Amino acid sequence: PSTLMEKSVEVISGVPQHVYKVPLDKNVSDQVAQLDVADIIDRVLIGPSPYPWPLYQAFVDVLRDAGVSNPDERVIVSGIPLRI
């Protein structure tokens, strides 16, 4: 638990899920003013998904635009198969 994180229940693709949001806007809290996205995100795991490579590229692009070094090494496509 953290006073910085917001917890909500949101329906994603028809499935209710807990979603935790961390505000990265320094105007929201002085505590996040010194945070750096590169320090917060170690890895992004993708999968299972029917479209893992477009997701991979989108996350790499967003992380690169945020100034994160080596985003292509931080985003990992899981080898776990999608079961339907």
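Reply: Glu10 is partly exposed, at 28% relative accessibility. This is a predicted model, and the values here are computed from it. The side chain of Glu10 meets that of Lys21 in a salt bridge, at 3.0 Å from N to O. Glu10 sits in strand S1 (residues 6-12) and Lys21 in strand S2 (residues 15-21), so the contact ties together parts that are 11 residues apart in sequence. Lys21 is also partly exposed, with a relative accessible area of 39%.

Next, a helical pair. Asp61 and Arg64 form a salt bridge, and their closest N and O atoms are 3.7 Å apart. Both residues belong to helix H2 (residues 52-65). They are 3 residues apart there, so about one helical turn separates them. Asp61 is partly exposed, with 32% relative accessibility. Arg64 has a relative accessible area of 44%. That value lies between the 20% and 50% cut-offs, so Arg64 counts as partly exposed too.

Then there is Arg43 with Asp42. Their closest N and O atoms lie 3.8 Å apart. The cut-off is 4 Å, so the pair counts as a salt bridge. Arg43 and Asp42 are both exposed.

In total, the model has 3 salt bridges. One joins strands S1 and S2 through Glu10 and Lys21. Another lies within helix H2, between Asp61 and Arg64. Arg43 and Asp42 form a salt bridge as well.

Conventions:
Residues are numbered from 1 along each chain as its sequence is written. This is a predicted model: local features need pLDDT of at least 70, side-chain atom pairs count only at pLDDT 80 or more; totals for chains, interfaces and linings use all residues. Side-chain values use heavy atoms; hydrogens and water are left out. Helices (H or I, at least four residues) and strands (E, at least two) are DSSP runs, numbered from the N terminus. Buried means under 20% relative accessible area, exposed over 50%, partly exposed in between (1.4 Å probe, protein chains only).
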